[in-house]
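Subject: Structure handover

Hello,

Here is the structure for you to open and look through. My notes on what was found in it follow below.

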Amino acid sequence: MRAGLTIGGFSRITHISVRTLRRYHEAGLLEPAEVDPSSGYRYYALEQVPTAQVIRRFRDLDMPVREVGEVLAAPDADTRSALIAAHLGRLEDQLAQTRAAVTSLRRLLQPAAPPLAVELRAEPERTVAAIRATVDHGDVLGWYAGAMAELDAVLLARQRPPTGPPCGLYDNALFTDERGDAVVFVPVADPPAAGRVRPFVVAAAELAVTVHRGPHDDIDVTYGALGTHVVENALALAGPVHETYLVGPRDTTDTTAWRTEIGWPVFPITSGSRAGSPDHHP
């Protein structure tokens with residue numbers, strides 16, 4: 001009589017389906033202790049039960065099969081711990097994204113959202129210290145962090161203290177086509193030129209302005225409310241969006257204290273014009 005467990009018996013003990021056990025065998029993740037050469041039947045040893053249970057736990061945490069194999073094959077505890085920590089970090093990021101999405105949905109589903117405070121403001125032309133680039137929408141956050149770090153370093157080295165909070169300009173194409181021009185800048189006296197930092201002229205603009213309160217995960221909700229206000233009040237969009245980071249991650253780790261001013265360049269719609277026509281896409 002053959003020693004060990006059939007694949008069905010091993011499945012019952014480990015609560016891993018026969019189909020999944022076959023897939024793990026094919027992937028080299030959990031190979032049977034023996035395979036009958038004539039019948040192809042798989043047989044597992046009792047000593048493999050703990051390994052199967054470990055695999056099941058990792059798969060319950062959505063760790064890819066390849067990474068589970070790397071953990072099991074790790075040559076030492078430090079390597080194994082680093083692999084597990086990396087996956088747990090990704091899970092924490094996903095959890096944070098899920099929480100942010102839930103918060104946004106709750107805000108959207110409120111039966112009566114508080115009225116949006118919008119100010120119409122005329123901004124004069126000004127010359128600032130800036131970094132400009134054409135970026136993909138998905139890369140904006142990383143690009144912004146790097147650009148701000150470089151701006152801070154250059155202004156500190158050149159002894160140019162900021163005269164106001166950091167700001168950003170974002171081209172419409174960045175949202176409509178997922179790629180467009182972005183400018184991050186800091187108002188200073190006598191903007192320097194060093195590395196990617198250059199003096200940049202921010203054109204005068206009429207802005208419809210509101211303030212987004214809290215983390216940036218649901219800033220699109222505030223954008224939507226501001227855009228609705230612009231259309232309902234017979235204003236049309238005209239140019240890149242302005243963002244002013246009144247309070248942000250540079251100031252505090254308390255995301256509930258963050259304040260981001262959104263300024264939408266607008267102009268009144270003349271008789272016979274259509275709201276949003278400058279940004280119309282067929």
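Is Asp-190 buried or exposed? Asp-190 is exposed, because its relative accessible area is 54%; exposed stands for over 50% relative accessible area, buried for under 20%, and partly exposed for what lies in between (1.4 Å probe, protein chains only). Asp-190 sits in the loop between strand E7 (179–186) and strand E8 (198–202). Its phi is near 55°, a positive value in a residue other than glycine.

Some notes on how to read the values. This is a predicted model, in which local features need pLDDT of at least 70 and side-chain atom pairs count only at pLDDT 80 or more, while totals for chains, interfaces and linings use all residues. Residues are numbered from 1 along each chain as its sequence is written, and side-chain values use heavy atoms, with hydrogens and water left out.

The chain as a whole

The chain has 8 helices and 12 strands. Helices (H or I, at least four residues) and strands (E, at least two) are DSSP runs, numbered from the N terminus. Of its 282 residues, 35% count as buried. Contact means heavy atoms within 4.5 Å. Among contacts between residues at least 6 apart in sequence, 68% join residues at least 24 apart.

Helix H1 and its neighbours

The buried ones are Ile-7, Gly-8, Gly-9, Phe-10, Ser-11 and Thr-14. They pack against strand E1 (5–6), helix H2 (18–27), strand E3 (42–44) and helix H3 (49–60).

Take H2 to begin with. The axes of H1 and H2 come within 9 Å and cross at roughly 105°. Axes are lines fitted to C-alpha atoms, for helices over the stretch in contact, and angles run from 0 to 180 degrees between N-to-C directions. H1 is therefore roughly perpendicular to H2; angles of 65 to 115 degrees count as roughly perpendicular, under 35 as roughly parallel, over 145 as roughly antiparallel, and the rest as oblique. On the H1 side, Ile-7, Gly-8, Phe-10 and Ser-11 meet Val-18, Leu-21 and Arg-22 of H2. By class, this contact has 4 nonpolar, 2 polar and 1 charged residues. Ala, Val, Leu, Ile, Met, Phe, Trp, Tyr, Cys and Pro count as nonpolar, Asp, Glu, Lys and Arg as charged, and the others, Gly among them, as polar.

Now H3. The axes of H1 and H3 come within 10 Å and cross at roughly 60°, which means that H1 is oblique to H3. In this contact, Phe-10, Ile-13 and Thr-14 of H1 meet Val-49, Ala-52 and Arg-56 of H3. The contact of H1 with H3 has 4 nonpolar, 1 polar and 1 charged residues by class.

His-15 is exposed, because its relative accessible area is 59%.

His-212 lies in strand E9 (residues 205–213) and is buried, with a relative accessible area of 0%. What does its side chain meet? A polar contact of 2.6 Å joins the side chains of His-212 and Thr-222. A polar contact is a pair of N or O atoms within 3.5 Å; within protein, one must be able to donate a hydrogen and the other to accept it, and residues adjacent in sequence count only if both atoms are side-chain atoms.

Thr-260 lies in strand E12 (residues 259–268). Thr-260 counts as buried because its relative accessibility is 0%. Its side chain and that of His-216 are joined by a polar contact of 2.9 Å. Leaving aside neighbours within four places in sequence, the residues in contact with Thr-260 include His-212, Ile-219 and Tyr-245.

Regards
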